[in-house]
Amino acid sequence: MAEQHGAAGGTDAYEEMLQMQAQRLKVLKVQRGNPSLRAIEARAQKLFADEKVSLPPATQSTAFGGGYVGQDRLIWLVRTLLSWDRFGRECDPPAYGDPELDEWYDRWTAITAAKPARNRISAAPSSPTSEVRAVEGDVSLISPASEPTRDGGPVRGSGLSPTYSGLLEAGLYAVAGFFAHGRPVNAVAFSHDGRLLATADDDGTARLLDPATAQPVGNPLAEHRGDVFTVAFSPDGRLLATAGHDGTVRLWNPVTRQPSGQLLTGHTGPVFTVAFSPDGRLFATAGHDGTVRLWNPTTRQPTGQPLTGHTGPVLTVAFSPDGRLFATAGHDGTVRLWNPTTRQPTGQPLTQHTGPVSAVAFSPDGHLLATAGRDGTVRLWNPATRQPTGQPLTGHTGPVFTVAFSPDGTLATAGRDGTVRLWNPTTHQPTGQPLTGHTGPVSAVAFSPDGHLLATAGHDGTVRLWEQKARPLRPLSAGSLAERALRHAIQQGHQVMLPALETASTTGVVAFSPDGYLITTTHKGTVRLWDPATRKPIGDPLTGHTGTVRVVAFSPDGRLLATAGRDGTVRLWDPATRQPVGDLPAEHTEPVGTVAFSPDGRLLATAGRDGTVRLWDPATRQPAGDLPAEHTGPIDAVAFSPGRRLLATGDGDGTVRLWDLATRQPAGDLPAQHIGPVFTMAFSPDGTLLATAGHDGIVRLWNPTTRQPAGAPLTGHTSAVFTMAFSPDGTLLATAGHDGTVRLWNPTTRQPIGRPLTGHTSPVRAVAFSPDSSLLATGSGRRVQLWTVPRPGQRGA
C-alpha cells in the first residue's frame with residue numbers, strides 16, 4: 001500500500017509540474033504580444049526552416065494546456081515566443097545555449113524525470129548529510145540529503161522515505177539556501193523573471209541576490225541615509241525602486257546597479273512602502289506623513305496631488321492584478337481602496353482590524369484582498385463588494401507584518417512570532433506546519449514568479465530561500481470518494497455539469513469578464529455580476545434599462561461594460577464600481593440587438609432592428625462614423641476580426657457582410673447559403689475562421705480572406721442556432737439554440753467533441769467561455785449552467 005501511495009503522489013507532482021510549465025508558457029505568450037497559435041506556427045517555420053521545425057496549433061495547445069511535449073518542441077516554442085519583444089515586435093530569438101533558455105531546459109528535465117513509468121519504484125539510497133552554517137556575508141547551500149523540514153528535522157533519501165512522502169502530500173517547502181546580512185532585513189522582492197532578489201536593509205543599503213545560488217550580485221546599492229524600508233521591481237524588470245527613513249524614493253537600473261535619474265522627493269517623513277502598477281505606468285509610495293503619492297516612472301514626476309484620507313502613517317500599498325484598484329492601509333487600522341485613474345476612493349474604508357494594518361496583498365486573480373495587522377489576524381476580503389470572506393485567519397501568536405500570494409493562490413503570512421505560515425485561502429485552513437528557522441520576527445515574504453521559491457527575511461539578519469518540493473495539492477486530490485471521482489472525471493476529459501446558477505427571472509445573456517467574473521442579464525432589464533466559483537451574486541444589480549437587456553460586451557481590458565437592449569439605449573459601466581459611465585447618444589430608432597468592442601478597445605459597434613450599424617469611440621461616447629445602409633432588414637450579429645481590419649455583420653435575410661474598417665466600405669458578402677436570419681457569428685481568436693449560424697440550424701465556417709466556405713457545414717442542431725463562442729485558446733467552438741442542446745466542435749477538424757450537453761429544458765440563448773477556457777457557461781430560462789471544459793490533450797471526438 002505504501003508503494004501505491006507513493007506512485008500516486010508522484011503522478012500528482014508530475015501533473016502539477018506540467019501545469020506550472022503551462023502557466024509560465026501562457027505568461028510568456030502574453031508578455032510577447034499574445035500572438036495567435038497560427039502566428040506562432042508561421043513564425044517558427046520562418047525562423048527555423050533549416051531545422052524543419054513544425055509547431056502546429058495542436059502541439060502548442062498541448063503545451064499551453066498542461067500536456068507533455070518533447071524537449072525540442074518545448075525549446076522551439078519558447079525560442080519562437082522570445083522572437084517577439086514585449087511590444088510584439090519581431091526580434092532575434094535566443095540561440096541554443098543562451099542562459100535565457102536554461103530555466104526551460106531545467107524544468108523540462110525535472111518534468112521528464114518525474115514522468116510516471118509503469119512498475120517504476122523511485123528509491124534512492126541515503127547520502128551523507130551536510131551541515132548548514134550561516135556566516136555573516138556568506139552562504140551555505142543545503143544538500144538535498146539534509147533539507148530541513150518545517151519542524152527542523154532532516155529528510156534523508158528520496159522516493160519511498162515516509163517523511164519525504166509527507167512532504168509531497170503537503171506541498172512542503174524545504175530550505176534551499178540563505179544569506180546572512182548581519183543586520184535586520186526589512187523587505188524582499190523578486191524581479192519579473194525571478195533571476196534577481198532585492199532586499200532592503202537596516203544598514204541603509206539595498207542588495208541584489210541571485211536566487212539560484214543565494215550569492216550577492218555586485219555591490220550593495222548605497223545611496224540612502226538611514227534604513228531602507230522597501231524595495232520593488234517594475235513589471236518589465238528595468239527599474240528597481242527603493243525608499244526608506246530619509247524620506248526619498250530612488251530608482252535604479254538593476255543591470256548596471258546605478259541610479260536611474262534623480263531621487264524623488266515630496267514625502268515629509270520616512271517612506272515605508274512602494275508598489276508598481278501591473279502595466280508599469282504608475283508607481284505608488286506612502287509613508288509616515290500619511291499621504292499616498294502616485295508617480296510616472298518615465299518622467300519621475302508626480303501625477304496629481306497626494307492622496308489623503310488616512311489619519312496616521314501609511315504602512316503598505318498594493319495594486320490589483322488588473323490595475324483598476326490599489327489598496328492602502330496603515331497605523332489608523334483602516335484599509336482603503338482607490339481608483340488609480342480617478343484618484344478617488346471606491347467605497348468606505350475596511351475597518352475590522354483592531355490595530356494598525358501592516359500589509360495588504362491581492363490574490364493573482366484579483367478576487368481576494370488579504371490584510372494583516374498588529375492584532376495578530378489575517379483577513380480576507382472581496383474587493384468588489386468590500387465585504388469579508390469568512391472568518392479571520394488566526395494562528396500567529398503576535399502581530400502579523402507581511403502577507404504574499406503565490407502564483408497558484410497559496411497565501412503566506414509571517415510576523416513577530418518568527419514563523420511563516422501557508423494557507424489555503426478558499427478553505428481558510430493552514431497548509432502544513434509553520435516554517436521555522438528565523439530566530440526573530442519575520443518582516444518580509446515574497447514568492448518567485450513561478451512559485452518555486454519563497455523568500456523570507458527578518459530581524460535576525462538572514463534571507464532564507466525555501467524551495468517548493470511539490471505544489472500544495474488541490475482539495476480534490478483527497479477527501480471523499482465523490483471529490484476524487486469528480487477530479488478523475490475532469491482529468492479524463494469529461495465535460496462535468498456543475499451546480500447551476502439560478503437567476504430571479506429569465507436569463508437573456510451570459511458573458512465572462514476578462515478577469516473571470518460572470519455577467520447575466522434578465523428580461524426585467526437588470527444586469528448582475530456573479531462569482532462563478534461560489535455562484536453567488538456580487539453587489540447590487542446594474543439597473544437603468546427599461547426593457548430586456550439583450551446584449552453585453554466587455555472592453556478587452558475589462559475597464560468598460562457595454563449593455564443594450566429593447567429600450568434602444570446603449571449604456572457604458574465601470575465593472576469595478578458597478579456604476580454607470582454614461583449612455584451613448586440615442587441614434588438607434590429601434591431595439592439594439594448586438595454590440596461588440598474592437599480588439600484594441602478603441603471602437604464599439606452597435607446594431608439592431610433599425611438595420612443600421614453604428615461605430616462609437618467608447619472613450620468619448622461619441623460617434624466614430626456609421627457604415628453605409630446596405631442591409632435591408634434587422635441586424636442581429638456583429639463581430640470584429642482580431643486584427644481590427646474587418647467587421648462582419650449578419651441580418652434577417654441571411655446576408656453576412658464584411659466591412660473594411662479603414663474605409664468604412666463593404667469588403668464583400670459571403671455567398672448566400674443561410675436560409676433565414678443570421679442570429680450569431682464569431683471570429684476565431686487567430687482570425688483565420690468566421691463562424692456563422694441562424695434560423696436554419698446550420699453552423700458554417702468561412703475563410704474571411706477568401707470569403708469562401710472553410711469545409712462542410714456543421715450539422716446536428718435540429719432547429720435555430722441562437723448563440724456561439726470560440727474558446728479563448730481557439731481549440732473549441734460552442735453552439736446552442738432552440739433545441740435546448742449545447743454542442744462542442746473542433747474547428748480544425750469540423751468534428752463534434754463528445755456528445756451534446758443536455759440538461760436545459762428550454763432554448764439555450766447564451767454560451768460563454770471563461771478567460772482561461774476551463775469553464776463554459778450556458779443560459780436558458782432562469783438557469784445558467786456551468787460545465788467544465790477538458791484540456792486539448794484530453795478531448796475525444
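**Local features of the predicted model**

G565 is buried (under 20% relative accessible area, with over 50% counting as exposed and values in between as partly exposed; 1.4 Å probe, protein chains only), its relative accessible area being 0%. The model is predicted, and local features require pLDDT of at least 70, side-chain atom pairs count only at pLDDT 80 or more, and totals for chains, interfaces and linings use all residues. Residues are numbered from 1 along each chain as its sequence is written, and side-chain values use heavy atoms, with hydrogens and water left out.

G565 belongs to strand β37 (residues 561-565); strands (E, at least two residues) and helices (H or I, at least four) are DSSP runs numbered from the N terminus. Not counting residues up to four places away in sequence, G565 is in contact (heavy atoms within 4.5 Å) with H545, T548, V549, R550, P591 and V592. The C-alpha atoms of G565 and G508 lie 9.9 Å apart, although 57 residues separate the two in sequence.

In helix α2 (residues 37-47), the buried residues are L37, I40, E41, R43 and A44. Viewed down the axis of α2, they fall within an arc of 170° and therefore line one face of the helix; the arc is that of the directions from the helix axis to the C-beta atoms.

Strands β31, β58, β57 and β56 form, in that order, an open sheet of four strands with antiparallel pairing, where pairing requires at least two DSSP bridges between two strands. Because β31 (497-502) and β56 (766-769) stand at the edges, each with a single partner strand, one side of each is left without a neighbour in the sheet. β56 and β57 (residues 775-780) run antiparallel and are joined by four bridges; A768 has A777 in β57 as its bridge partner.

Aromatic pairs comprise rings of Phe, Tyr and Trp (its six-membered ring) with centres within 6.5 Å; planes under 30 degrees apart are stacked, over 60 edge-to-face and the rest tilted. The count comes to seven aromatic pairs. F326 and W338 are stacked, at 6.2 Å centre to centre and 10° between the planes. F326 lies in strand β17 (residues 326-330) and W338 in strand β18 (residues 335-339), twelve residues apart, and both are buried. The F679 and F722 pair is tilted, because the ring centres are 5.7 Å apart and the planes are at 55°. F679 is in strand β48 (residues 678-683) and F722 in strand β52 (residues 721-726), so the pair ties together parts 43 residues apart in sequence. F679 is partly exposed at 22% relative accessibility, whereas F722 is buried, at 18%.
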